[in-house]
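Q: Could you walk me through reading a few local features in a model? I'd like the general idea and then the case at hand.

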Amino acid sequence: MAQMGYDSAEKFDGEDACPICLCEFEDAYQLESCGHLFCRMCLVGQLESASKNLDSFPICCTRGRCRAPILLTDLRSLLSSDKLEELFRASLGSFVASSRGTYRFCPSPDCPSVYRVADPHTVSDPFVCGACFAETCTRCHLDYHPYLSCEKYLEFKEDPDVSLQDWCKGKENVKSCPVCGYTIEKGEGCNHVECKCGGHVCWVCLEFYSNSEDCYNHLRSKHGGIA
Ligand SMILES: [Zn+2]
Ligand SMILES: [Zn+2]
Ligand SMILES: [Zn+2]
Ligand SMILES: [Zn+2]
Ligand SMILES: [Zn+2]
Ligand SMILES: [Zn+2]
């Protein structure tokens, strides 16, 4: 969508058409940051579809080469609070995915917090999540383990003796997202898995895609089907 607006605006030098639908403005909306005009519904459509594609971030004005960031005030006046929340989560996912391992999600399911990964050569403080209060080791990303090194703690976790056998049993269908490291779980049948970061991952070869369509295309062409 953003791409479309960008290309087409090149042909339209005039400012008399909406950069997204290329038609006359309908219920014109002026962006706070750069003053460019759009149809209100076209902008809403652009923002709503942005949540489904990691490549949409950061969200910018699509008029010509403007690329001015769309400000929070605009997002607030254009989107319902549900859609705004969805967009925030998606932008956070995109942030984590593009940080290339510098940031990770709080490991609690459905918790949107992120933390900075510790340098492996320093003593690290735990990440205490402000949203769910879970304490996580910022080096090995397991539960915080005071007085034990990450290596020792992992050994303990992997000891087949411990009750953790049960923990492992339920975890056969678990892998890590190749981009953000978050635990992903395979659902029934389908080999397309969506990660917390908003990425779409091929379960078979852990190939990463920024939207579901690309992932499904990969599954069909490389693995002969989506299941
Ligand atoms: Zn329009
Ligand atoms: Zn602009
Ligand atoms: Zn949390
Ligand atoms: Zn650790
Ligand atoms: Zn991910
Ligand atoms: Zn694959």
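Q: Where is the place of Pro 58?
A: Helices are DSSP runs of H or I with at least four residues, strands are runs of E with at least two, and both are numbered from the N terminus. Here, Pro 58 sits in the loop between α2 (40-50) and α3 (72-78). A cis peptide bond joins Phe 57 to Pro 58, with omega about -5°.

Q: What should I know about the model itself?
A: It's a predicted model, where local features need pLDDT of at least 70, side-chain atom pairs count only at pLDDT 80 or more, and totals for chains, interfaces and linings use all residues. Residues are numbered from 1 along each chain as its sequence is written, chains are lettered from A and ligands numbered from 1 in the order in which they are written, and side-chain values use heavy atoms, leaving out hydrogens and water.

Q: Which protein donors does the zinc ion (ligand 6) have?
A: Donors are N, O and S atoms within 2.8 Å of the metal (3.2 Å for Na, K and Ca); water is not among the atoms, so sites may look incomplete. For this zinc ion they are Cys 202 (SG), Cys 205 (SG), His 218 (NE2) and His 223 (NE2), at 2.0 to 2.2 Å. Along the chain, their spacing reads C-x2-C-x12-H-x4-H. Cys 205, in the loop between β10 (200-202) and β11 (208-209), and His 218, in helix α7 (residues 212-223), are 13 residues apart, a pair that links distant parts of the chain.

Q: Is His 218 buried or exposed?
A: Buried means under 20% relative accessible area, exposed over 50%, and partly exposed in between (1.4 Å probe, protein chains only). His 218 is buried at 8%, while Cys 205 is partly exposed at 36%.

Q: What is the order of the open sheet of 3 strands?
A: Strands of a sheet pair through backbone hydrogen bonds, either parallel or antiparallel. Pairing requires at least two DSSP bridges between two strands. The order here is β9-β10-β11, with antiparallel pairing; β9 (192-194) and β11 are the edge strands, each pairing on one side only. β10 and β11 pair over 2 bridges, and Val 201 stands opposite Phe 208 in β11.
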